[in-house]
Amino acid sequence: MSTVVTQQVDEVKSTPWSGGRSPFNVEYGKMMMWFFLLSDAFTFSSLLISYGALRFSAPVWPTPSLVFQSFPGLIEKDAPLVFVGLMTLILILSSVTMVLAVEAGHRNAKKEVVTWMLLTVVGGLMFLGCQALEWNHLYHEGFWWSKIPNKETLQEFFKPGVPLSQQQMSSHQFANLFFTITGFHGFHVFSGVVINIIITINVLIGTYAKRGSYLMIEKVGLYWHFVDLVWVFVFTFFYLV
Amino acid sequence: MSSETATIHHDDAAHGEHEGMTKKRILNVFYILLGITAVEFFVALVIAPKHPGALWINPIYIVLTLVKAFYIIAYFMHLKFEKMGLIMAIVLPVLFIIGLILVLTNESHYWIELRRALSSLL
């Protein structure tokens, strides 16, 4: 009788949480990347939720389809969402090339990894270029941190009959929030491009071939997809809503 | 002993990460993301101008955005194929974000009322 009990007690449990191994079953760096991204998600949420709160409490707000209605360099007016649509497409496409780089990494196909990584870098740079054009356009209309256009230009962004004082107040809030949030996102894209370039160089000199695993591509991939993810929200809350 | 367990873990991890994404699946997710963005554009450019001031337009955008976020996180970031423990460790803290949204919507509602009350005094 007593032997049976001992056997039951000594039986080794093999559930994920019974100790001796990581219940998450991922490599340390990859897990830390996930937790970093979680903290970054909190930062971006705080910014976007403050934007939402200020906009929701404002009596008026500049109409997005009137503020963002140009395609810098090509179309001056009446093309709402076209330019930002292009930016969204570029970022989603560069996310796709990033997954393809990860997929090639699983097959240890070094040349393919390099090709897809370079395309991802190009996509990131194109997005940054578009954002520079967009900022430049708004800057020349008169928007900047705590700067707004003159009365006549401002009138174009509101429905007729809105008092000037209300136009000016909400435009100030809009300008500050727009440049801060898209700027913070753009800085993430920029650092993502720099990290992607460093990792591509590492692939080229054979660091990961020697290591026998292209797991690092997955880690930078997570960061890059997160940048895309944030843009999905910025796009909705600044350009659509 | 410890080095032995370490190698076992490494093998486990390597096996787990090979599941999930093939080229075909990657392209499928891309088409879904592209399709949802196209729907958002259709709503913004065609449907919304016909219904000025409609309250049901913004919820459409938000739901579609959350669907896109799900596909990016689950498939591109591969979270769907990770261990349940990791999925919960990443997804559950998002409840705090929902909490902040509720708190600040409540707050801005209060600001609107305050502004109304003040403007009627002036």
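**Reading a helix**

Q: What span should the 28 residues of helix α2 (residues 23–50) of chain B have at 1.5 Å a residue?

A: Helices are DSSP runs (H or I, at least four residues), and strands are E runs of at least two, numbered from the N terminus. The expected span is 1.5 Å times one less than the number of residues. For α2 of chain B that gives 40 Å, and the end C-alpha atoms are 40 Å apart, so the two agree. This is a predicted model: local features need pLDDT of at least 70, side-chain atom pairs count only at pLDDT 80 or more, and totals for chains, interfaces and linings use all residues. Residues are numbered from 1 along each chain as its sequence is written, while chains are lettered from A and ligands numbered from 1 in the order written.

Q: Where is the kink in α2(B) centred?

A: A bend is the angle between axes fitted to the seven residues ending at a residue and the seven starting there. In α2(B), a kink of about 35° is centred on B:Val43.

Q: Which residues of α2(B) are buried?

A: Buried means 20 or more other C-beta atoms within 10 Å of a residue's own (exposed: 12 or fewer; partly exposed: in between), with C-beta atoms placed from the backbone. Here they are B:Ile26, B:Leu33, B:Glu40 and B:Ala44. Across chain B, 13% of the 122 residues count as buried.

Q: What do the buried residues of α2(B) pack against?

A: Contact means that two such C-beta atoms lie within 7 Å. The partners are α4 (82–106) and α9 (215–240) of chain A, together with α3 (57–76) of chain B.
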